[in-house]
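Visitor: I would like to learn how to read the packing of side chains in a model such as this one. Could we begin with the aromatic rings?

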Amino acid sequence: MSDKREDRNSMSSLSGTILPRDVRKAGILRKLKTMKKKYFVLRTESESGPARLEYYDNEKKFKAGSTAKRSIPIKTCFNINRKVDAKHKFAIALYTKDDCFSVVAENEQLQEDWLNAMLELQLDGPCMNGGAKLKPKFEHVWQVTVGDKSLASSRNMKGLYRLCLTPSALALIKVDQTDKPETLEFPLMSIRRCGHTNNYFVIELGRSSVTGAGELWLETEDVVIAQNMHEVTLNAMKTCREHEDLGPLARPRSASNSENSRPIATRRPVAVVSPQAISYGGIRDRCDSMPSRPRTISEGQEINNRGYYAPPGHMLDSLRPHSGFSRTVSYSPPALPNPLRYASIERFRK
């Protein structure tokens, strides 16, 4: 199998030209930054150097032996994955220590071929590993800017970061040249809610997070990326919540206990609030455990189950169970007549 692959690499040809043995793939792609076509060459590790992605102005300069315009070592990349872009569907991002280099393919098949070839070289394995496709270290990576706002201001977290999603957590990794950059990890269970407004992705963290409770505002390139971050993170939170609700169950007890003392193994209930647009205002609501008075139409506020408010256009989703709901009708029994009151009235009449 390896001999066949080596033969394929060494005898690959484009436009009738036999490519060097270390060329894994070559062809035309566009640079996302300028959308100009360039000739890209993906090389395997060889005597000429490490596995790398190079690009030239055109195929003619590559054949002439010109120096590559840029060379990116594949194995030193922080992550290689599909990139969400507002205008271009088939983009691939190569995240280096301090940069993000993105290319755009003409169609989905080319995107898949190039991505799989890069992952093979980065992860030292065939595209189909035991019947399953290779996956990048992080399926989703977004480059964000943490500004001087809310929690970031008090924790001195300003700067350029990468937000990386795993099945159980969001990792915020600072972009710098060091081998061990500053990393903050937020378990999905510690996130109270998430949303987006304009080109900002917002997460509200609970007290159990490493930064403590508060809101984290992450600025993205555009509103499409912010919306994508919102949707993907929300789905991950739902999946994480479902796994948490299914286990673990109470430990089994010995058979000597009575039937009445044994726990009932059932799935724990969970309150899930469906995604919806919520308009926020400046009214401070009461705590969840206390009923709130009915809001009048003149106050111009739209109230949700938990009584949260947000700026216009702020999409907010919460997956945390809560103890109470705002009520507009009282279900308390009618108050009984006070006998002391009537006794005092009779004495006054006398």
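Guide: Rings of Phe, Tyr and Trp, the last taken by its six-membered ring, count as a pair if their centres lie within 6.5 Å. In this predicted model, ring pairs link Tyr-39, Tyr-56 and Phe-62 into a cluster, and the count of aromatic pairs comes to 7.

Visitor: How are the rings of Tyr-39 and Phe-62 placed relative to each other, and what are their centre distance and plane angle?

Guide: Planes under 30 degrees apart count as stacked, over 60 as edge-to-face and the rest as tilted. The rings of Tyr-39 and Phe-62 have their centres 5.4 Å apart and their planes at 40 degrees, so this pair is tilted. Since Tyr-39 belongs to strand 4 (residues 37-43) and Phe-62 to helix 2 (residues 59-63), the pair ties together parts that are 23 residues apart in sequence. Both Tyr-39 and Phe-62 are buried.

Visitor: Which geometry does the pair of Tyr-55 and Phe-101 have?

Guide: Tyr-55 and Phe-101 are stacked, with 5.9 Å from centre to centre and 15 degrees between the planes. Tyr-55 lies in strand 5 (residues 52-56) and Phe-101 in strand 9 (residues 100-104), so the pair ties together parts that are 46 residues apart in sequence.

Visitor: Are Tyr-55 and Phe-101 buried or exposed?

Guide: A residue is called buried under 20% relative accessible area. Tyr-55 has a relative accessible area of 9% and is therefore buried, and Phe-101, at 8%, counts as buried too. Across the chain, buried residues make up 39% of the 350 residues.

Visitor: Which residues have the most contacts inside the largest nonpolar core?

Guide: A nonpolar core is a set of buried nonpolar residues joined through side-chain atoms within 4.5 Å. The largest one here has 28 residues, and those with the most contacts inside it are Leu-163, Leu-172 and Leu-216. Helix 5 (residues 223-245) gives the largest share of this core, 7 residues. A second, separate core of 22 residues includes Ala-51, Leu-115, Ala-117 and Leu-119.

Visitor: What is Leu-172 in contact with, leaving aside its neighbours within four places in sequence?

Guide: With those neighbours left aside, the contacts of Leu-172 include Val-144, Val-146, Met-157, Leu-184, Phe-186 and Leu-216, and also Arg-162 and Glu-182.

Visitor: Which charged residue lies over the face of Trp-217, and which over that of Trp-114?

Guide: Lys-149 lies over the face of Trp-217, at 4.5 Å from the ring centre, while Lys-25 lies over the face of Trp-114, at 5.6 Å from the ring centre.

Terms used:
Residues are numbered from 1 along each chain as its sequence is written. This is a predicted model: local features need pLDDT of at least 70, side-chain atom pairs count only at pLDDT 80 or more; totals for chains, interfaces and linings use all residues. Side-chain values use heavy atoms; hydrogens and water are left out. Buried means under 20% relative accessible area, exposed over 50%, partly exposed in between (1.4 Å probe, protein chains only). Helices (H or I, at least four residues) and strands (E, at least two) are DSSP runs, numbered from the N terminus. Contact means heavy atoms within 4.5 Å. A charge sits over a ring if NZ of Lys or CZ of Arg is within 6 Å of the ring centre and within 35 degrees of the ring normal.
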